[in-house]
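Please load the model in your viewer and keep the sequence panel open beside it. We will go from stop to stop, selecting a few residues each time.

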Amino acid sequence: MYSAKPHFEYNSTNVKLPDVMYKASPMVIICDNSGDNNVTQELTSLKQRQSDLLQGLDDMIERVNKMKSKVTTTINKDDNSEFRDIVIHACPSQPPLSLKYLIKMLRQRFKVLVKVHGHSSVTNHMISFLANEETTNRNHYDIIITLIWKSAPNDPTTHLHPSSSPIVGESNLARLVGRMLGYYDNTPASFMINTTTDVIYDACDVINNIGSTKKQRQDALQTLGGVLNNNQWFMGKVPTIVDCVAFSTLQRCSTTSGQRWVAPWLERAKQMFG
Amino acid sequence: MADVENVPLGDDGKPMSKKALKKQQKDAEKAAKKAQRQQEQADAQQKADADDVSKDLYGDMVMIQSSEKPDRCLQPIGDIGPNLAEKNIWVRGRLHTSRGTGKQCFTVLRHQQSTIQALIFVGEKISKQMVKFCANISKESIVDVYGVVKKVEQKVESCTQDDVEIHIGKIFVVSKAAPQLPLLIEDASRPELEDGKNEEGGRPRVNLDTRLDNRILDLRTTTKQAIFRLEAGVCKLFRDTLTAKGFCEIHTPKIISAASEGGANVFTVSYFKTNAFLAQSPQLYKQMAIAADFEKVFTVGAVFRAEDSNTHRHLTEFVGLDLEMAFQYHYHEVLQVIGDMFISIFKGLRESYQKEITTVARQYPAEPFKFLEPTLILQYPEAVKMLNDAGVEMQDNEDLSTPSEKLLGRLVRQKYDTDYYILDKYPLEVRPFYTMPDPDNPKWSNSYDMFMRGEEILSGAQRIHDPEFLSERAKAHGIDLKTIEAYIDSFKYGCPPHAGGGIGMERVVMLYLGLHNIRSSSLFPRDPKRLTP
């Protein structure tokens, strides 16, 4: 009765199979100049602002360079002027044992005055640790180290400027002294040394930190042992400020069992820094 | 006819109108009724009195005219504690507060810095009239109380003797206070509010003027008692420390003929046929004492400054603690002595006056005073650099302004953690003409200032002891030599090198306790606007 075309005959020219699931309109509209006027205006004004800013920046750089050449940089003495008075707050129960050696090293290069004060919050003024020096003129000195014994901080805290945040810990104090002694001079020779010292300082910090776990302390001690590597001192045959920081740290550390290098090294260090 | 003769006359001599007559009658009736009522009351009172069990246990004491010496021991309230539990004692104190209901009355008795709760309740021996009498005693009256000390289970928060209370057995009024008090001691003892507010939660504060006008009442508060006892402590420690170091106390005249330093801020007094001045500082006489070979002297006396400054830290009359010392070779010897003296004062206050410090802190809370030993001594250029780094633009030959001083105090506190320090080597041009210049660099001088909590408390220096040099320096300052002839003559017959300084006692107490106004530490303060009490 009815004749229907066979629907299973497939001829590729008849059927166009889709190659995408959904077809969507293109998102990107390629703008040509003959297009929307508003958009073009915004773009040009933006471009103009950018070029203006860059121009202004170039001018400023030129002006700063000109001023730099006019103003002569101050000589070494003034570089140290920011180090004039280093104030260290320490607790009598945790004296900074590295301080004496740090002062000794500083004295090789600068005129150092040492002042020691006891704060009203403590009765023990630790007179035997470091002696107070009297002077009639503080201006004669390059560096003044003021040590204040007080009850609050557990780690020795160093203050340079009232406005800047304090420097916490002996290892950071040693880094500061190292900077003043010119250790961090960015020459390739000192890279290796400075990296090693950083490793040692960081290990000391871990050991000193109250929050460190026993495992962390043991790992740090192992690191130190590794760096020491049966040498006399951490940086070779001669003691350096790194050693005095390590001495202070290990002297206070109670759990050094299992690290056999500690005890003999401490004996040697006590002779040197004690 | 008879009526006309009997018509009563009014005040103006004319016969009174009917209305006036009626009014007079009514008044007479009222008066009669009142008299009758009073009579009834008196009768009732007499009857009640006759029933009063405790008639002899209370009342107004006869004025103490030293007629007898009863063998009675009055316990100081501050000493009453659990150690006296269950004992019968006599106590004299002021009625600080009292709250009474019909059957009982709670009072607080006060003596100087101590307060204790005392209660009375109707009982076998205590009648209702006695409790009523107790509740009606006006506040601030001085009373003698006999009672038994009882331990309490719950601490009495509002009293200093918080672990005991007295159960009153007898109470007598020694000296009555007028019922209307210009200020309540309780209100005057409350901690002050910020922003000068006067009331908080229905609890008023007393402002400064009211306090000063009624100083006697204001001084009765426990806080003021503590402040002035501490002030006495400062004087005592000053005297004791210096006497132990070989100083001699002297007393210098306050009526002087020539205005010593500038002439500007002095009071004049009429002196018989001429005028004289009130001493601005004992400076001149201290130095004369040194020239007279006393070597180490100090003086405690009044200082008068006619400065029209109405600030929180200036008075026209205050007590000056001054010292002067001859030294051997360097003025730092004197600086050391002054620094050590302050440390002794601070330590002594901390040791022996802790009770007073705590009492004051209840009403005027402040951070405890911090200091370093030995004293921190900074030099002027260092201080200027610290200020420059903090953003203050100043040169190192300028004087420090008050805000700079305060900022410097905060910076020093931040870096060195001390409220007390010495600033040495001030620039010469900001110091008086008699200041000795620095030998190496005449830009600086051998002078110093001392600061507490960022405010200056002492200004001192090495003085010029050579008359020729002194004349030179005076000329350089443009001072007419004739006006200071007597001063220069003091050094004519040889004088040792000497240095010294003076502090204001009230200012030291104010800054040590962290009070905000110097009038809180002056008993009867004097300023440009106040001459009484």
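Start with H7(B) and H15(B), whose crossing is right-handed (a crossing is right-handed if the near helix is turned clockwise from the far one by less than a right angle, and left-handed if anticlockwise). The residues in contact here are B:Ile227, B:Leu230, B:Glu231, B:Val234 and B:Cys235 on H7(B), facing B:Met505, B:Glu506, B:Val509, B:Tyr512 and B:Leu513 on H15(B); contact means heavy atoms within 4.5 Å. Colour them by class and you will find eight nonpolar, no polar and two charged residues (Ala, Val, Leu, Ile, Met, Phe, Trp, Tyr, Cys and Pro count as nonpolar, Asp, Glu, Lys and Arg as charged, and the others, Gly among them, as polar).

To see the geometry, select residues 222–244 of chain B for H7 and 505–513 of chain B for H15: their axes come within 10 Å and cross at roughly 120°. Because of that angle, H7(B) is oblique to H15(B). Angles under 35 degrees count as roughly parallel, over 145 as roughly antiparallel, 65 to 115 as roughly perpendicular and the rest as oblique. The axes are lines fitted to C-alpha atoms, for helices over the stretch in contact, with angles from 0 to 180 degrees between N-to-C directions. Helices (H or I, at least four residues) and strands (E, at least two) are DSSP runs, numbered from the N terminus.

A word on the model: it is predicted, local features need pLDDT of at least 70, side-chain atom pairs count only at pLDDT 80 or more, and totals for chains, interfaces and linings use all residues. Residues are numbered from 1 along each chain as its sequence is written, chains are lettered from A and ligands numbered from 1 in the order in which they are written, and side-chain values use heavy atoms, leaving out hydrogens and water.

Stay in chain B and select B:Phe524, in the segment after H15. Setting aside residues up to four places away in sequence, B:Phe524 touches B:Arg215, B:Leu219 and B:Pro533. Now draw a C-alpha to C-alpha line from B:Phe524 to B:Gly514: they are 10 residues apart in sequence and 20 Å apart in space.

Next, click on B:Pro533, also in the segment after H15.

Now switch to chain A, which has eight helices and five strands. Of its 274 residues, 37% count as buried. Select A:Ser190 in helix H5 (residues 188–208); at 9% relative accessibility, A:Ser190 counts as buried. Its side chain reaches the backbone oxygen of A:Thr187 at 2.9 Å. Beyond its neighbours within four places in sequence, A:Ser190 is in contact with A:Tyr183 and A:Asp185.

For the last stop, find A:Met126 in the loop between strand E2 (112–119) and strand E3 (143–149) of chain A. A:Met126 is not a glycine, yet its phi is positive, about 45°. With a relative accessible area of 15%, A:Met126 is buried.

Note on methods:
Buried means under 20% relative accessible area, exposed over 50%, partly exposed in between (1.4 Å probe, protein chains only). A polar contact is a pair of N or O atoms within 3.5 Å; within protein, one must be able to donate a hydrogen and the other to accept it, and residues adjacent in sequence count only if both atoms are side-chain atoms.
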